[in-house]
Amino acid sequence: MNYYLLGYPVGHSVSPAMHNAAFKELGLPHIYSLLETEPEKLGETVQRLRENKFGGANVTTPHKIEIIKHMDTLAPSAKRIGAVNTIENRGGQLIGHNTDVIGGIKALTLKYGELTESRVVLLGAGGAARALAQELAPKVSELVILNRSPDKADKLARILPGNTVGAGLGEQQVVKTADIVINATSVGMTPNTSESPIDAQYLRQGQLVYDIVYNPIKTKLMQDAEKAGAETLGGLWMLVYQGVESFKIWTDQEPTAETMYNAALRVLEDWH
Ligand code: ATR
């Protein structure tokens, strides 16, 4: 069977390496490849895939919302988030799923444990932060959303359940008392690798710092966190676990996350 990544552009992606390594390990005769798809050709590409009986696909920027109208049905995950990153082909019926956030939360709980008693500071109020906040708000004991533009954080917090508040990055002293700090902004991403959204003085031992940025593998925020004695979790694990969840939907088999992580890591190292 053939599996694809639909995006534009898709030149730089770790997904083929990750999925092909997992197919190989499980002895599955499948191939995952990039399918660069211009926005105006999205409908026609999906039609072509249907005719060729593909196994499934991932969907990335800029198609995650637009792809919805080409699906036959949506799984609850995609309905809740309003975006699709995984297409399941169930006997010709195309089902849109979203594994981005489930993967991100799974990576977090595997590292941290149960979230029920945790106080979480989430940095950012963009697309990625919003999706994570939606999942976290009902699960954690306290969620503080900090964003460069405070209004966006406040607006987001108001529509979420639980003990959730929003404020500006100027209020970052709250990080001191957090159990988990999550960076869902683009600060620190290549080429701005010397930047961190949080002043290092607020990081401490006993905390978990989770950066969803995966390029570089170890961001400035993670380096500062390590120096302060905090635990860290890098964004490549979020990417790997969204892949693990997609893989399970397609094959009903559980791949080894470490195999996918190592394959992705090799690709990232090759780029540098
Ligand atoms: P994504 O879909 O990856 O979440 P996005 O929706 O463009 O991308 O959101 C980017 C996030 O990073 C936002 O929270 C943004 O803050 P604003 O809402 O104030 O724009 C944050 N961000 C980007 N660059 C930043 C910077 N230099 N300092 C602080 N926050 C930044």
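In this predicted model, strand β1 (residues 2-7) and β2 pair in the parallel sense, with six bridges between them. Within this pairing, L5 has L34 of β2 as its bridge partner. On the side of β3, β1 is again joined in the parallel sense, here by four bridges, and L5 stands opposite N58 in β3. L5 can therefore be used as a point of orientation, since its partners are L34 in β2 and N58 in β3, with bridges as defined by DSSP.

The next step leads from β3 to β5. Strand β5 (residues 86-90) pairs with β3 in the antiparallel sense over three bridges, and in that pairing N58 stands opposite T86. These strands belong to an open sheet of six strands, whose order is β2-β1-β3-β5-β6-β4 and whose pairing is mixed. The edges of the sheet are β2 and β4 (73-74); each has a single partner strand, so one side of each is left without a neighbour in the sheet.

Strand β3 (residues 56-59) also shows how side chains are arranged. In a regular strand the side chains alternate between the two faces of the sheet. From β3, G56 and N58 point one way, A57 and V59 point the other way, and all are buried.

Is Q242 buried or exposed? Q242 has a relative accessibility of 6% and therefore counts as buried, the limit for that class being under 20%.

The relative accessibility of P39 is 41%, so P39 counts as partly exposed. Leaving aside neighbours within four places in sequence, P39 is in contact with Y8, P62 and H63. P39 and Y4 are 35 residues apart in sequence, and their C-alpha atoms are 16 Å apart in space.

Helix α7 (residues 220-227) takes part with β11 and β12 in a right-handed β-α-β unit. From strand β11 (residues 208-211), L208 and Y210 point one way and V209 and D211 the other way, and all are buried.

The last stop is the ligand. Which residues come nearest to the ligand? There are 13 residues around the ligand, and of these A128, N147, R148, S149 and K152 come nearest. In A125 the atom involved is a backbone N or O atom, which lies 3.0 Å from an oxygen atom of the ligand. On its own the ligand has 650 Å² of accessible area, of which the protein covers 62%.

How values were computed. Residues are numbered from 1 along each chain as its sequence is written. This is a predicted model: local features need pLDDT of at least 70, side-chain atom pairs count only at pLDDT 80 or more; totals for chains, interfaces and linings use all residues. Side-chain values use heavy atoms; hydrogens and water are left out. Buried means under 20% relative accessible area, exposed over 50%, partly exposed in between (1.4 Å probe, protein chains only). Helices (H or I, at least four residues) and strands (E, at least two) are DSSP runs, numbered from the N terminus. A crossover is right-handed if, with the strands pointing away from the viewer, the path from the first strand over the helix to the second runs clockwise. A residue is near a molecule or strand if one of its heavy atoms lies within 4 Å of it. A polar contact is a pair of N or O atoms within 3.5 Å; within protein, one must be able to donate a hydrogen and the other to accept it, and residues adjacent in sequence count only if both atoms are side-chain atoms. Accessible areas come from the Shrake-Rupley method with a 1.4 Å probe; for residues, only the protein chains shown count as cover. Contact means heavy atoms within 4.5 Å. Two strands pair if DSSP finds at least two bridges between them.
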